[in-house]
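Please open the structure in a viewer and keep the selection panel at hand.

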Amino acid sequence: MVGAGPYGLSVAAHLRAAGVPVRIFGEVMGSWRHAMATGMFLKSTPAATDLSAPEPGGRLADFRRVHGEPELTELTPIPCDVFVRYGMWFQKRYVGEVDSARVVAVGQAPSGPGFLVRLNDDQEFPAAAVVVATGLNGLAHIPEELRLLAPEGPGVDALVSHTSHHTDLSPYAGQRVAVIGGGQSALESAALLHEAGAEVQVLVRESRVLWGVKPDLVRPWTQRVAKPASPLGTGWALAAVCTAPGGVRRLPASARMLLFRRALGPSGGWWLRDRVEDIVPVRTSSRVTRAEASESRVRLEVDGSGGSETLIVDHVLAATGYRLDLDAVPFLSPEARGALACVPGSKAPHLSASFESSVPGLYFTGSLAAPMFGPMMRFVAGTEFAATRIARHASQASAMH
C-alpha cells in the first residue's frame, strides 16, 4: 500500500480485516498535514467525510463521541486539524503500524508474477500486489506562463507557488499577493492571506464566482424528491454518480471524461462567502497572459473585461488545481508505466471494476480513479466504494496463491 491518507487507510483496514498481509507506506494523513494551510476547513459535510472501516464504529461521528466532542452537522465546517486527528485515530484503531519509509520504485518482479518494491533506504522486498493511494501528491498543476517565474521550481520561497505547497500563509503578511483561481482553495487561501495581513487580489477566469448554498437541515419532501441529497451536493445527477460509481465506469470514455471535467466546477463553500465578498478584491473574467520577474517582484499582464492591465505583486499563489498524470507518479518503473493502459483522452489509468489496472495486481484509487468511476473518487466519500472492492478482489487473488 503506497499512501496513508483516507484511501490508503481505508483500503488497508479492509485488507487487514480480510486477513490479507499488508504493509502500508507513507506519512499518516501526510497531505492533509502538509499540503493545506493552517486555518483551512474541509468543503465536505460530515456525512461525506467518513473513512471506510470494516466494522461499525469508525465514522467521524464515532471519533467525536469517543473523545467527548460534540457531533458536527452540515452547518459546522470541519477544521482540517480535526480531520487529521480523526485519520490518525482511525489508523491506530483499524490499520496498525504504518511505515514512514518512502517507496522510490515499484517494478514488476524479475521472475514470475508480482512486484519488486524498493524503499528510500534501498531495502527491497517482493509484493504480490500494490495499491497506489497517493492522492494528489505530485499532481499539482501550475500553468506554463506562471512556471516561468520559478526556473528552480515553484515553492514557498519562489515567486510563484501552488496552494498545496503551504502549511502557513502568515509569512506573506505585508506583501502583495495575486491568487490565481476561482475555486475553494483560491478563495479560502485569499481569505487567510487577507486575515494574515497580506494585500491580496484574486484573479478568476470565469465571469462570476460561484458559492455553495447554506444547507437546510429540514427540507420538505418536495425538495428532497426534486433535488435528492448526495455526498457531493443536491440534485439527481450528483445523486446518481454517488449511488452508482460502477455505473459511471460503464459509460463511454468520452462521457466519463466530460462528467469528470464538468460535474463539479470551481466554487466556494457557503460558509466562506462572508470572509471574501466585499472584503477581498476579486477580479472576474481575468486571465494572466504574461508573467515576468522584475527586481524580486512579479509583473503580471492581465486581460479582463475592461481591457489589459499590469499588476505588480510580490508573490503569485496558483490555486490552479491538479492534473491526473501517471508520468507524475515517480516510483512506477518505466516498464510498469509503459504497460499501463490509460483512459482515452487522459493520462489516468484504465481500471477494472475492482480498481485493478491493466498490470495485474497493480491497483489505483482516489483521484487517479476518478476518470473511471466519477467525481466521488475525488472526495473522502468514495473510500467505502473503493476499499470494499479492492479488498474483496485482492483477498480472492491472495487466496488463489
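The model is predicted.

**Stop 1: the second largest pocket**

Begin by selecting A127, A128, A129, V130 and G361, which lie nearest the centre of the second largest pocket among its 32 lining residues. The space in this pocket amounts to about 730 Å³.

At least two lining residues come from each of β1 (103-108), β2 (115-119), β3 (124-127), β4 (130-132) and α14 (383-400). Which of these gives the largest share of the lining? That element is α14, with four residues.

Colouring the lining by class shows 23 nonpolar residues, seven polar residues and two charged residues.

**Stop 2: E356**

Select E356, in the loop between α12 (334-338) and β15 (362-364). Is this residue buried or exposed? E356 is buried, and it has no salt bridge. The nearest side chain of opposite charge belongs to R249, at a distance of 9.5 Å. A salt bridge requires a side-chain nitrogen of Lys or Arg within 4 Å of a carboxyl oxygen of Asp or Glu, so R249 at 9.5 Å does not qualify as a partner.

Now display the surroundings of E356. Beyond its neighbours within four places in sequence, E356 is in contact with H350, L351, G361, L362, Y363 and H393. One of these, G361, also belongs to the residues nearest the centre of the second largest pocket.

**Stop 3: salt bridges**

Side chains of opposite charge can pair when their charged atoms come close. How many salt bridges are counted in this model? The count is 17.

- Select D62 and R59, whose side chains form a salt bridge with an N to O distance of 3.5 Å. D62 is buried at 7% relative accessible area, whereas R59 is partly exposed at 41%.
- Select R85 and E69, whose side chains form a salt bridge at 3.1 Å, N to O. This pair links distant parts of the chain: R85 sits in helix α4 (residues 80-95), and E69 sits in the loop between α3 (60-66) and α4, 16 residues apart. R85 is partly exposed at 34% relative accessibility, and E69 is likewise partly exposed at 21%. The limit for a buried residue is under 20%, so E69 at 21% counts as partly exposed.
- Select R299 and E301, whose side chains meet at 3.4 Å, N to O, in a salt bridge. R299 is partly exposed, with a relative accessible area of 33%.

**Stop 4**

Why does V95 count as buried? V95 has a relative accessibility of 4%, and buried means under 20%, so it falls in that class. Apart from neighbours within four places in sequence, V95 is in contact with L9, A12, A13, R16, I24 and F90.

For a sense of distance, draw a line from the C-alpha of V95 to that of K227. The two atoms are 37 Å apart in space, and the residues are 132 apart in sequence.

Then move to S189 in helix α6 (residues 184-195). S189 is buried, with a relative accessible area of 2%. Not counting residues up to four places away in sequence, S189 touches M40, T163, L169, Q184 and L317.

**Stop 5: the loop between β11 and β12**

Finally, select E295 and display its backbone. E295 lies in the loop between β11 (287-294) and β12 (297-304), and its phi is positive, about 55°, although it is not a glycine. S296 lies in the loop between β11 and β12 as well. The phi of S296 is also positive, at about 65°, and S296 is not a glycine either.

Technical notes. Residues numbered from 1 in each chain as written. Predicted model: local features only at pLDDT ≥ 70, side-chain atom pairs only at ≥ 80, totals over all residues. Heavy atoms only, no water. 1 Å grid on protein atoms, 1.4 Å probe; cavity = no way out; pocket = protein on both sides within 12 Å on 5 of 7 lines; lining within 4 Å. Points joined across faces, edges and corners; volume = space filled by probe spheres on them. Nonpolar A, V, L, I, M, F, W, Y, C, P; charged D, E, K, R; others polar. Buried < 20%, exposed > 50% of the residue type's maximum accessible area, 1.4 Å probe, protein only. Lys, Arg positive; Asp, Glu negative; His and termini not counted. Contact = heavy atoms within 4.5 Å.
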